[in-house]
Amino acid sequence: MTQDRRTLLKTAAAASLLPAVGLPASARAQSNTLKIGVLNDQSGVYREVSGPTSTACVRQAVLDSGIAAKSINVEVVQADHQNKPDVGATIARQWIDRDGVDVIIDVPNSAVALAISGIVREKNKAYLNSTGGTTELTGGQCSPNTIHWTYDTYMLAKSTGAAMVKTGGDSWFFITADYAFGHDLEKNTTKFVQAAGGKVLGAVRHPLQSTDFSSYLLQAQQSRAKVIGLANAGTDTINSVKQAAEFGVTRRGTKIAVMLMFINDVHALGLNAAQGLVCTESFYWDLNDRTRAFTNRVKGSLGGNYPAMSHAGCYASVLHYLKAVNDMGFAAAKASGADVVTRMKAMPTDDDCFGQGTIRADGRKLHPAYLFEVKTPGESKGAWDYYKLLQTTGPEEAWRPVSEGGCSLIRA
């Protein structure tokens, strides 16, 4: 308990000392300043799919928005929530109460994401989630202050799970991260597997940031399931796939369904290990001219990393937020985060990452979902050329119907 308190205090202190990015100190001192807080995993299991790259993409959105020409200054701060809801909550309250943060961005880890949504609603600020996956953000715990931008477990389950059953993978065993995201993803995938005529033979749950998956893989093999579904993310997914390859799981005819995989995970695995894996993303840097243009603008500030859909969601959501601020005026935007979110929902979205889209009344951002297969080393033509497109699910089909979510905003 003493160590936990020390960790909280150190985290809060570190957050207060983080440098602002994007504008000189003289501009930040002016009163007409919006403050954006990028809250994510800067050092743990989700660092590569959130972390510093998310902050760089937020900074790029500020530049591309042209909001400085409107005499509105923007300050960007960042902090590490360590994948702990209590740490994330402490930072969020400090940011809002003491530091004047207006909008919180990113927030991987669904347990942390749900905690932040509640705090932001209480404080009437805005919350743009890109990297948390739980459908509760637009379901039972929806909020007038929250927009869920990039992906969720329903979209992943429908795109990847249903496709695997159609190709013969009609019996499943899940290896699931033991927290809200993993549970949600397993539940949604089970629904689509069963609806397609498949069955689930069993499941096992592992703690976050596991390093040894041998016992979980052994249980999955003993079930004789045709598909092992990995309902986890980040380095947990990377370690699962690597160890499955070491144990020769796929050589015995078993398929690996990676329910959430980012291009950064493929890069960490390498094409020799990742080739043939199927995954769903809502953004790929090489998808079209607009995605390539965005990537070319931002990649110089990413330290060799490339943007995944999570990073693209940070960019696009902030860009749309700033358009709404410009549309409604600085004073009104500062006064109410819920009003900014309402204005964002009323405006059509359009950006280089996701193209044209809309935001539903429950806060769900709508855009297509893409099912990709990882290329073989021989198919790849260069660095980060990793995906080939298998199918596209349109925005009206990819996401859970609004009538099924149970969001109180819809009932009202």
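Is tyrosine 321 buried or exposed? I looked that up first: tyrosine 321 is buried, at a relative accessible area of 2%. My cut-offs are under 20% relative accessible area for buried, over 50% for exposed, and partly exposed in between, using a 1.4 Å probe and protein chains only.

**Ground rules.** I'm working on a predicted model, where local features need pLDDT of at least 70 and side-chain atom pairs count only at pLDDT 80 or more, while totals for chains, interfaces and linings use all residues. Residues are numbered from 1 along each chain as its sequence is written, and side-chain values use heavy atoms, with hydrogens and water left out.

**Tyrosine 321.** I found tyrosine 321 in helix α13. Helices here are DSSP runs of H or I with at least four residues, strands are runs of E with at least two, and both are numbered from the N terminus. Leaving aside neighbours within four places in sequence, tyrosine 321 is in contact with Leu34, Asp102, Val103, Ala126, Leu128, Val340 and Met344. Contact means heavy atoms within 4.5 Å. I also checked a C-alpha to C-alpha separation: tyrosine 321 and glycine 198 are 42 Å apart in space and 123 residues apart in sequence.

**α13 against α15.** Two packed helices are described by the angle between their axes and the distance between the axes. For α13 (residues 309–328) and α15 (residues 337–346), I noted axes that come within 9 Å and cross at roughly 105°. That makes α13 roughly perpendicular to α15. The axes are lines fitted to C-alpha atoms, for helices over the stretch in contact, with angles from 0 to 180 degrees between N-to-C directions. Under 35 degrees counts as roughly parallel, over 145 as roughly antiparallel, 65 to 115 as roughly perpendicular, and the rest as oblique.

On the α13 side the contact uses Ser317, His320, Tyr321, Ala324, Val325, Asp327 and Met328, and on the α15 side Asp339, Val340, Arg343 and Met344. Sorted by class, I get six nonpolar, two polar and three charged residues for the contact of α13 with α15. Nonpolar covers Ala, Val, Leu, Ile, Met, Phe, Trp, Tyr, Cys and Pro; charged covers Asp, Glu, Lys and Arg; the others, Gly among them, are polar.

**Cores.** Which residues touch the most other members of the largest nonpolar core? I have Ile36, Trp172, Ile175, Tyr321, Met344 and Tyr387, out of 103 residues. The largest share of this core, twelve residues, comes from α13. A second, separate core has 20 residues, including Leu39, Val87, Ala92 and Ile119. A nonpolar core is a set of buried Ala, Val, Leu, Ile, Met, Phe, Trp, Tyr and Cys residues joined through side-chain atoms within 4.5 Å.

I followed up on methionine 344: not counting residues up to four places away in sequence, methionine 344 touches Leu128, Ile147, Trp149, Ser317, His320, Tyr321, Ala324 and Ile359.

**Cysteines.** How many disulfides does the structure hold? I get one, taking a disulfide as a pair of cysteine sulfur atoms within 2.5 Å. Cysteine 142 and cysteine 407 form a disulfide, with their sulfur atoms 2.1 Å apart. The link of cysteine 142 and cysteine 407 is right-handed, with 90° about the S-S bond. The pair joins distant parts of the chain, 265 residues apart: cysteine 142 is in the loop between β4 (126–129) and β5 (146–148), and cysteine 407 in the loop between α16 (395–398) and α17 (408–411). Both cysteine 142 and cysteine 407 are buried.

Cysteine 314 is buried at 0% relative accessible area, and cysteine 353 is buried at 4%.

**Phi check.** Most residues other than glycine have a negative phi. Aspartate 106, in strand β3 (residues 103–106), has a positive phi near 85° and is buried at 0%. Asparagine 124, in the loop between α5 and β4, has a positive phi of about 55° and is partly exposed at 27%.
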